[in-house]
Amino acid sequence: MTALVPRRTIVRTIVACGLGAMGSALAGSARGGTLSSPAEKAILTVTGLITNTNEGDAASFDRPMLEALGLDGFRTMTPWYDRPVRFEGVRMRRLMQAVGAFGTDVVAFALNDYVIEIPMCDFDRHGALLAMKRDGVDMPVRDKGPLFIVYPYDSKPELRSQQFYSRSAWQVARLVVT
Amino acid sequence: MTPALQAGRSRWVKHGLLALVLSLALAAAYTSSLIVQRQQKLREVSRYSLTWFASQATLEVSRLQGVTAAALVPGSGVNEDDVQLWLDIVTNRVQLFESGQVAEFVAASGELRAIVAAFRSTVHDGRTLMEGPASPGRLRRLLALFEALNAPMSRLAAAANTHGGVLVAKDQRQLGNLHWLFAAILGALTLCAFSLIGALLRHNHLLAQAREKVEQQNRTLEKRDSELLSQNARIFFLAHHDALTGLPNRLMFHEQLEDALAQQGQGGGVALLCLDLDRFKQVNDTLGHPAGDMLLKAVAGRLLGCVREGDVVARLGGDEFAVLQRGTGPAEHASDLARRIVETLGAPYDLGAGRAVIGASAGIAVAASAPCSADMLLRSADLALYRAKGDGRGSFCLFESSMDEQMRARRAIERDLREALVRNEFKMFYQPVFHLRDQRVSGFEALLRWRHPDRGLVSPAEFVPLAEELGLIVPVGEWALAQACADAATWPDGIRVAVNLSPVQFHSPGLVAAVQRGLQASDLPAHRLELEITESALLQNSKAVLATLHELRALGLRTALDDFGTGYSSLSYLRSFPFDKLKIDQSFVREVTHRPDCRAIVRSVLDLSRELGMTTTAEGVETEDQLGQLVRDGCTEVQGFLFDRPRPAADIRHWFAPQANWMGTAHEPVAIG
């Protein structure tokens, strides 16, 4: 499924985002491995190049854990709705810090087996959000839930392109930092 | 090319350039907007992929069927929860068909709408089935429900793919159009650029032409300027030079003289020579004006040959020349130059029309050490010239201060003379004339005297020439005539009065009328008036003289030829002109007793007069011997100091007594006074 993203883009993104990702990774590792275990049913699992784990080499999150990382959000138009909607959730940057990620890319796996590789510099540069609520309501699987990676498409014209729409994975269940 | 046409072209080129620049700006703006459009198109090309979306829907429907089928197989590890998850995923998908770009895509086609409606109702039925009470056959029914969707979903994916292809083709076509438009704009821009370059080249060419034109005009102007300058120089030269000889004229000479005098203090003296040509008028009259001009040029040439470098030779006018000598030593040097000039100019001239010999007189004035103006120096040189001419032609004279004094005295007398008549300073004196045979006074000669308030009596020899020169002699003579007539009218009958007429007076047009007035005013019978005319008055225009004499005689008066024997004394006068009397000059009478030649002359004149029927009067008889001689030779009348000197009218009354004769009066000889 990684073939969906052209290799050239990946290489360029790696070069462009390397330093930022390293910074994020170091900041994450500085926090130390203090991740509590999920009390409810886990809705997200992060693996790969991370330092903070709570289940073997994975970091699992239930809904309250994610909410505890700090909710943020924005209002934007999307190709999927006729009107602007407000998304709320955890900033991907914040999440990466929480897990102490030190890779350059994040591969997102959706429940429908959709896989997309996202350069980590998107998180800093574009403010990518791991949305949990749409218009104040938790998103169920039948409405792109439980987690939906979204970008503030209205903020920059370049975000309103196939490249970023394809990175906007819904029904996300697993992230792998590479 | 005319300047107007050139200016027109230049303006056209400017407007053309402006239009080109504007076109360039417009093209650039349009190109910019095209680029924006192109970017927009490119963005649309990369928009959300419907094809992907539709194929994902097909895939998810298939995966739901797969999961459901697996859940029917015991021990497969797949349960209803997995089926529920995929049902949710498919539910999510069907909801996505209801909004956004997907909904627009679906709404465009009835078939697609039907497919999506079937999809939606199937999902709805599936969810209803799964949310209801668990029953053994529901998974199988769910599978059957969704199997019915396989064909329509494939159709949907294919339609989406087709739609995507159409869109891509449309985008590509638009991009292609944009490309051509862009290429056309670029071509136009290139054309504009070339036109701009061409227009600039043309403009530069025009500018170069205009500059060439301006330079040409400048050259013309410079030429005109220099022409004007040379014209000015020519005008200046003409204003300061004599056109005939090319010598400086009076104006320039005056300036040069002033300059020389101003610089005099810095060394060297200044000498001024004024020259006057003698007999120049004769050359003009006899050989013609062209010869006169030639002569003047030759004189100028000779003068220039006489002077040193630095000296100035000028023609002051007519036959007057002047030489300015600078840095001269003593006055002798100037005299040497004057001598040389007079000598040189005296040599004969060959004038083509004939040879001419003229003379020149020079007056010299040397600037004294005291401040001296140009005018003063010129006047001094003129005075010296005047003196030189008086001394005789072909001579020169150095100015002396006495000349100035004499001139001043002459001026003073002139001034007084002009006022003498008004101030009643003229007096008439009378000298008796004796008739020898009758032994009595036959008349008196009236003599004009001027009693000057300061100088006393002034001799007529002194003031009459001056009065003639000043043109005063006519009114003065008229007054004398009237006064003499008036005095004579008081005398006894038979006593005549003789009045002298000067040559100027004789030739004046009003003479006859004046005589008539004198006679009428005094009631003096005309026969008692005698007019004495000197020989010199007869020299000119004998016809007019004759007419005047006849007119006078027609009035009834007598005419006498005065001072006979002193001038030209042509015997033809006696024959040509009607005179009643001949007066023998005293110079002959004075010598008559001891010079035989004089006696012979006097005797012949007396004989001739007698023969011609004229009476005679001997003037200046001073001795008894002279009287005796004249009596013997048959003279008619005598006058002179032997009898009486001229006296005022009041002092001659005693002569009118009946016994009066010359023996009865004191008649000691007295010097002429």
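Predicted model: local features only at pLDDT ≥ 70, side-chain atom pairs only at ≥ 80, totals over all residues.
## Overall make-up of chain B

Chain B contains 22 helices and 17 strands. It has 673 residues, and 31% of them are buried. Taking pairs in chain B at least 6 residues apart, 68% of the contacts join residues at least 24 apart.

## Where the chains meet

Chain A touches chain B through 15 residues, and 16 residues of chain B take part in return. On the chain A side, the touching residues are 7 nonpolar, 4 polar and 4 charged.

## The sheet in chain A

Chain A holds an open sheet of 5 strands with mixed pairing. The strand order is β2-β1-β10-β5-β6. The edges are β2 (59-61) and β6 (115-119) of chain A, and each pairs on one side only. From one strand to the next, the twist averages 20 degrees.

Strands of a sheet pair through backbone hydrogen bonds, either parallel or antiparallel. Strand β1 of chain A covers residues 44-48. It runs antiparallel to β2(A), with 3 bridges joining the two. Across this pairing, A:Thr45 stands opposite A:Ser60 of β2(A).

## Nonpolar cores

The largest nonpolar core has 57 residues. Which of them touch the most other members? They are B:Ala446, B:Ala484 and B:Val499. Helix α15 of chain B (residues 473-488) supplies the largest share of this core, 7 residues. A second core is separate and has 51 residues. Its members include B:Leu277, B:Leu295, B:Leu337 and B:Leu383.

Beyond its neighbours within four places in sequence, B:Val499 contacts B:Ala446, B:Ala480, B:Leu481, B:Ala484, B:Leu529, B:Leu531 and B:Glu532.

## A buried glutamate

B:Glu478 lies in helix α15 of chain B. Is this residue buried or exposed? B:Glu478 counts as buried because 20 C-beta neighbours fall inside 10 Å, and the cut-off for burial is 20 or more. B:Glu478 and B:Val515 are 37 residues apart in sequence. In space, their C-alpha atoms are 7.9 Å apart.

## Helix packing around α13(B)

Two packed helices are described by the angle between their axes and the distance between the axes. Helix α13 of chain B (residues 401-420) packs with helix α12 of chain B (residues 374-391). The angle is about 85 degrees and the axes are 10 Å apart. The two helices are therefore roughly perpendicular, since angles of 65 to 115 degrees fall in that class. On the α12(B) side, B:Ser380, B:Leu383, B:Ala384 and B:Arg387 make the contact. They meet B:Met403, B:Asp404 and B:Met407 of α13(B). By class, this contact has 4 nonpolar, 1 polar and 2 charged residues. B:Leu383 of α12(B) is also among the members of the second core.

α13(B) also packs with helix α14 of chain B (residues 460-470). Here the angle is about 75 degrees, with the axes 11 Å apart. This pair is therefore roughly perpendicular as well. From α13(B), the contact uses B:Ile413, B:Glu414, B:Leu417 and B:Arg418. From α14(B), it uses B:Phe463, B:Leu466, B:Ala467 and B:Leu470. The contact has 6 nonpolar and 2 charged residues, and no polar ones.

Notes:
Residues numbered from 1 in each chain as written. Chains lettered and ligands numbered in written order. Helix = DSSP H or I, 4+ residues; strand = E, 2+ residues; numbered from the N terminus. Buried ≥ 20, exposed ≤ 12 C-beta atoms within 10 Å, placed from the backbone. Contact = placed C-beta atoms within 7 Å. Nonpolar A, V, L, I, M, F, W, Y, C, P; charged D, E, K, R; others polar. Core = buried A, V, L, I, M, F, W, Y, C linked by C-beta atoms within 7 Å. Pairing = 2+ DSSP bridges. Axes fitted to C-alpha atoms, helices over the stretch in contact; angles between N-to-C directions. Parallel < 35°, antiparallel > 145°, perpendicular 65-115°, else oblique.
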